[in-house]
Amino acid sequence: DIEKNFAHVYVSVVGFCVSLILLICSLVIFFKFRQLRCDRITVHKNLFVSYIITAFCFVIYLSVVSFGDGVLMENPVWCQVLHVITQYAVVSNFSWMFCEGLCLHTLMMHTFISGNSLIIVCLIIGWCVPLVLTGIYAGLRATLTDNTKFCWLSESSLQWIMFAPVVFSMLINIIFVINIMRLLVTKLKQMPEAAQTRKAVRATGILIPLLGLQFLVFIKRPNDKDSTLYDVYTYAVAIVVSLQGSFVSVIYCFCNHEVVTLLKRRWHQHRAMFRGKHARTQSSTNSSTTYTFIDFVSNQPCLDKTSRC
């Protein structure tokens with residue numbers, strides 16, 4: 001199957017590399033500006049870190065398994081460990097998508113809940129719960145000889161230990177989105193302008209990639225591997241999964257009004273400082289040149305030790 005689907009592997013690797021670049025740039029921006037330090041951005045940071053870990057693990061795993069000579073047949077221990085780490089990264093990634101929905105819904109429904117307690121809950125759900133689920137999965141699968149061959153690449157029913165909670169969390173995210181839409185509709189009744197309606201629809205629409213709801217479309221895979229539908233499904237999954245980090249980083253960082261405003265302000269400050277420095281340098285150079293010329297004509301020694309005579 002891997003030899004047959006090399007094209008899908010290339011698409012996935014390229015997509016994950018693009019996502020890595022954009023996500024790292026987004027994290028640098030989030031950590032650079034103190035104005036962006038708030039609970040909402042803290043959850044975004046952790047989500048982006050989970051995307052980076054997932055993309056990095058997938059690039060290594062796909063490259064080693066797909067292009068490594070004899071790795072599948074040799075089935076080394078490090079390859080099995082890499083599979084488990086990749087599974088943890090995936091579950092953690094979806095857990096932080098759930099945390100995004102939980103955080104947004106909680107802040108809208110319960111305004112007076114402490115932000116610190118909410119962040120602590122998200123940290124436990126996002127990093128600790130996937131560790132427990134992956135550990136149980138790895139421990140059980142390691143005891144079954146038939147499921148430990150070929151770097152654990154073959155699918156196993158034991159993976160539902162991790163992915164059943166993931167699917168359940170996505171269903172809860174759907175409930176969160178429906179309730180958020182209900183709240184928006186209720187508020188729009190008080191100000192039924194067309195512009196406000198468009199903003200509400202757009203705000204709800206951009207929650208779909210943030211919460212990973214588009215993955216619900218790809219839960220069921222076609223059974224016939226020789227069909228055109230199966231190829232379309234495989235390419236679609238490769239593109240959506242690998243570029244998911246890119247979508248989120250573009251929407252919630254590079255298209256964020258606060259981020260754009262801060263970047264513009266910093267760029268204008270940089271240009272102003274550069275122009276001022278250039279002007280001071282030019283003025284200093286002209287003064288130095290004038291003094292040197294006068295000193296040369298009068299044949300007097302330099303009184304200013306800093307000037308170039």
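Is arginine 40 buried, partly exposed or exposed? At 34% relative accessibility, arginine 40 counts as partly exposed. Here, buried means under 20% relative accessible area, exposed means over 50%, and partly exposed is what falls in between (1.4 Å probe, protein chains only). We'll come back to that arginine soon.

A word on what you're looking at: this is a predicted model, where local features need pLDDT of at least 70, side-chain atom pairs count only at pLDDT 80 or more, and totals for chains, interfaces and linings use all residues. Residues are numbered from 1 along each chain as its sequence is written, and side-chain values use heavy atoms, with hydrogens and water left out.

Let's start with the overall layout. The protein has 10 helices and zero strands. Both kinds of element are DSSP runs numbered from the N terminus, with helices being H or I runs of at least four residues and strands being E runs of at least two. Of the 309 residues in the protein, 40% are buried. Now take the contacts, meaning heavy atoms within 4.5 Å. Among the protein's contacts with a separation of 6 or more, 75% are between residues 24 or more positions apart.

Next, look at what a record says. In an unreviewed UniProt entry, the annotation "transmembrane region" covers several stretches, including residues 43-64 and 160-180. UniProt positions are given here in the numbering used for this model, feature names are shortened, and such annotations may be inferred rather than shown by experiment. In the model, residues 43-64 are 100% helix and 0% strand, with end C-alpha atoms 32 Å apart. Residues 160-180 are also 100% helix and 0% strand, and their end C-alpha atoms lie 29 Å apart.

Several residues of α6 are buried, among them Met162, Asn173, Phe176 and Leu188.

Now for the inside. A nonpolar core is a set of buried Ala, Val, Leu, Ile, Met, Phe, Trp, Tyr and Cys residues joined through side-chain atoms within 4.5 Å. The largest one here has 52 residues, and Leu36, Leu47 and Phe48 have the most contacts inside it. Elements giving two or more residues to this core include α1 (6-32), α2 (39-67) and α10 (257-298), while α4 gives the most, with nine.

Zoom in on leucine 36. Setting aside neighbours within four places in sequence, leucine 36 is in contact with Ile29, Phe30, Ile41, Glu258, Val259 and Leu262. Valine 248 counts as buried, at 0% relative accessibility. Not counting residues up to four places away in sequence, valine 248 touches Leu47, Phe48, Tyr51, Pro209, Leu210 and Cys253. The C-alpha atoms of valine 248 and proline 209 are separated by 6.4 Å, though the two are 39 residues apart along the chain.

Over in helix α4 sits threonine 86, which is buried at 2% relative accessibility. Leaving out residues up to four places away, threonine 86 touches Cys57, Phe58 and Tyr61. Cysteine 57 is itself buried, with a relative accessible area of 7%.

Back to arginine 40, as promised. Its side chain meets that of glutamate 258 in a salt bridge, at 2.8 Å from N to O. The pair ties together parts 218 residues apart in sequence, because glutamate 258 lies in helix α10 and arginine 40 in helix α2. Glutamate 258 is partly exposed, at 36% relative accessibility. The rule for a salt bridge is a side-chain nitrogen of Lys or Arg within 4 Å of a carboxyl oxygen of Asp or Glu, and by that rule the count is one.

Finally, the structure holds one disulfide, which is a pair of cysteine sulfur atoms within 2.5 Å. It joins cysteine 79 to cysteine 151, with S to S at 2.2 Å. Cysteine 79 lies in helix α4 and cysteine 151 in the loop between α5 and α6, so the pair ties together parts 72 residues apart in sequence. The torsion about their S-S bond is about 120°, so the disulfide is right-handed. Both cysteine 79 and cysteine 151 are buried.
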